[in-house]
Amino acid sequence: MEEWPMILNLLIRGLLFGGFLSLAACGLSLGFQLGFINASHGDMAVLAAYISWILLTTFGIDPLFSLVMVSPMMVLIGLILQKLLLNRFLLKGNMDVVLIVTFALGMCIRNSLQILFSANNRSLSQPYMVQGLSIGPLVIPLPYLIDFTIASAMFMILHLFFVKTFAGRALRAVPQNLEAAMMLGVKPETSYIYAMGIMALTQAVFGVLMGSTYVFNPNSGMAYLLLPISAIMLGGLGSLKKTFIGGLILGEILILCGYFIGSEYQLVACYLIALMLILFKPEGLLTRRS
Amino acid sequence: MSHTNNKLYIGLTLLMSLLILGTFPSYSGPFLTMCAIQVFIYVAAAQMWSFLAGHLGVISLGQQAFIGMGMYTLAILNEIYKWPLSVSMILSGLAGAVIAAVVSLSFLRLRGFYFAVATILVAETLSNLFRNWTFVGASTGMRLSVGYEIPVNVIYYVACALSALSILTVYCFHSSKLGFAIRAIGCDEDAASEIGVNTFACKAYCFIVSGFITGLTGAVFTLQTMFVHPQAGFGFEWGLALVFISVIGGMGTIMGPVIGSIIYVTLRNILSGYMGLSLLLQGALCIAILTVAPEGVWGLISKYVRKRFKIPFFI
Amino acid sequence: MLEVDRVSVAYGDLQVLFDVSLRVREGELVVLLGPNGAGKTTLIKTIIGLLKPKSGSISFLGMRIEKLSTSEIIKLGIAIVPEGGGLFPSMTVKENLLMGAYASKEARAKVKDSLEAVYNLFPTLKERANQLAGTLSGGEQRMLAIGRALMSRPKLLILDEPSLGLGPKLVVTVLTMVEKIKKDEGLTILLVEQNARAALQMADRGYVIENGRIVLEGTAEDILKEEYIKRAYMGGL
């Protein structure tokens, strides 16, 4: 019975982390639904963290505040990359090539960061962030709460975008029936631009917050690609809700594994469980098999 | 592909290669021989990857799982239990095949990208497992003593034979009924399954065979380096290397991975002190080639040969 | 209003339309008949810009459109109800209708009025406004598809086999709807159909296409009278 507060703490931490992870997942899943696979998603998030780090160490700008600057920067970078590099493959439907190109792109980003910043761990964490909120027997780390709150706010905004705007509805329509959407005047190129923009925005927010909560180095990107993918595969494609819940579940699994198995096995146990789940229900836990 | 013309070219190439390669170690120093061994190893692994990705659309980013399995099987059987080398090596290949079987049966029905991710996850999982297994030296690794007893030249010929085996396997894939199925899948997978091709069985079979060969490659690799270590066997660098080699050389061709491997080994040895720069260059080159010349170096060469000499040239 | 002039279309090396010419005048209801695989849907896709013709020209309201993109063509005032309806099954009825107004700024500005008008025309849709489109019955889905096309306030409405797959009673309902739209809204309509008699009875003029070529054209009455039409297309009715 004395373990209850501990377990409750873990569960809450899992939820908070999971919700935060869903942010990275939802940007990625938007691309997936359009067939657009961005294997450099995690590395881009790490890039955002490094940009924020530069702003912090050179100009003393607080990481949370730097979000305002880093986000448009990342969106710009993403759109430029898309225009110069990815569009020629996307618009022809060469999705396999997009996978390999973004894979190579991630490699370039990772190694450029390593050359520029060395492989040392960095962190954006500020002293005011490192506290815990005590509510009775529960201790909630403040950074987790900040991450979750901002992530949830972004989810709300995205939800409104998808439901209330023409552009958002068009993005939902395209995966359901591409030809019909085109017959209504939707341009595939526009969809990809929006998808990339949203992806880049989530990379920026997730990257900076991640950097403030945990340590990061140039090689951290892989985990921030594999974890969101696992979350997407758990929840299933098709709606923000599914991705969010998938993320929550994965977050719980990760935190619980970390406690019961230890941090060396944490990621791997998570991957294993994800693999098992994918094995038995590839369309996602929340999708009804049609 | 026109088979009669191909046979002529392949016959000629084989003859020339046999002559050059057979005598290579005698007139090159130990360093170049080592480089050649490296090239053979990458050719062997890349042939499989390039074939899977280029012809079947099966993109696996976790081939290192088989390399590592081959490495550790050899280590366990030969080093720890002192089984004979040849048996251990064959079993290394089988270990790779078994893992490939498990992976393909479980995940091959997933969409292409999810399969790629599953392969990464499997490789990472195996890597982690072996890194924590003290029986095989955990993260410190082990030394493979048999490596010291075998002269470099012998390893050279073994590696050469391995890459020949790999090329032969790809050639066998392309022939007969399987080749027909592969071409059908390559053109349009849905249409292929509609006309009765068992696309799943076809892809799984090729994947399992590639697991065997890649496992063998892991064993030969370990023979050369004489060092067993989770990072060396299961490291992500393998995945990147195979992608780079196949893309640069030309996907789906037989000569492509050969050229790609030569380029890769040369690049790596030139930039041997600068790991980050080397990888950065690889990534950049990949992107450049995919954008400008997606057929790869060999693809460009064979296109030129076709145009200039007006012959159907498709190795 | 719409002039298709000797259009030829090919998929790679496979030619499917050969010098097809077709005309739809303002206020008309023109029917395009033909067996499966004749090229009806290919022609529709070419008109709307999803395919580009090898040769020939297409004009709408005097403007050449065969080289324009689909979204540009739609902005000029063409709306299409594709074969099968082309609905978005996981979106609600209302959201599907809203997508109909996506194409142009004017349509988006007037979206509330257009929605009201469509609900008046199809009260069932209003009842089911928040239901997922995939859960509607066949007839309701067709209604939704037609209503969605009307949301863009088109000048020319193209319907690709609206009665396909429906039972006889629903076929009558749908075709009556089409006729009503023509009368009430004064729309110009190009109707692709297999139900020859019913379609011809409400049409002004018609074309028959076979194997990628127009084999017959004329007023609806003339076509109805043609013996071979009676044998070929109305035997099954």
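Me: In chain C, which order do the strands of the open sheet of six strands take?

Reply: Strands of a sheet pair through backbone hydrogen bonds, either parallel or antiparallel. This is a predicted model, in which local features need pLDDT of at least 70, side-chain atom pairs count only at pLDDT 80 or more, and totals for chains, interfaces and linings use all residues. Residues are numbered from 1 along each chain as its sequence is written, while chains are lettered from A and ligands numbered from 1 in the order in which they are written. The order in chain C is 6-7-8-3-9-10, with mixed pairing. Strands (E, at least two residues) and helices (H or I, at least four) are DSSP runs numbered from the N terminus, and two strands pair if DSSP finds at least two bridges between them.

Me: Which strands stand at the edges of this sheet?

Reply: Strand 6 (78-81) and strand 10 (213-219) of chain C do; each has a single partner strand, so one side of each lacks a neighbour in the sheet. On average, neighbouring strands are turned by 15 degrees against each other, direction ignored.

Me: In which sense do strand 6 and strand 7 of chain C pair?

Reply: Strand 6 and strand 7 (residues 156-160) of chain C pair in the parallel sense, over four bridges. Within this pair, C:Val81 has C:Leu159 as its bridge partner. Helix 7 (residues 138-150) of chain C packs on the sheet and touches both strand 6 and strand 7. The direction of helix 7 makes about 170 degrees with that of strand 6 of chain C. Contact here requires C-beta atoms, placed from the backbone, within 7 Å; axes are lines fitted to C-alpha atoms, for helices over the stretch in contact, with angles from 0 to 180 degrees between N-to-C directions.

Me: How many bridges join strand 1 and strand 2 of chain C?

Reply: Seven bridges join strand 1 (residues 2-11) and strand 2 (residues 14-24) of chain C, in the antiparallel sense. C:Val4 has C:Leu22 in strand 2 as its bridge partner. The hairpin has two residues between the strands, and C:Gly12 takes a positive phi near 65 degrees there.

Me: How many helices and strands does chain C hold?

Reply: Chain C has 11 helices and 10 strands. Its radius of gyration, taken over C-alpha atoms, is 17 Å, close to the 18 Å given for 237 residues by the globule rule (2.2 Å times the number of residues to the power 0.38), so chain C is as compact as a globular protein of that length. The C-alpha trace of chain C spans about 45 × 40 × 30 Å along its principal axes.

Key
Contact = placed C-beta atoms within 7 Å.
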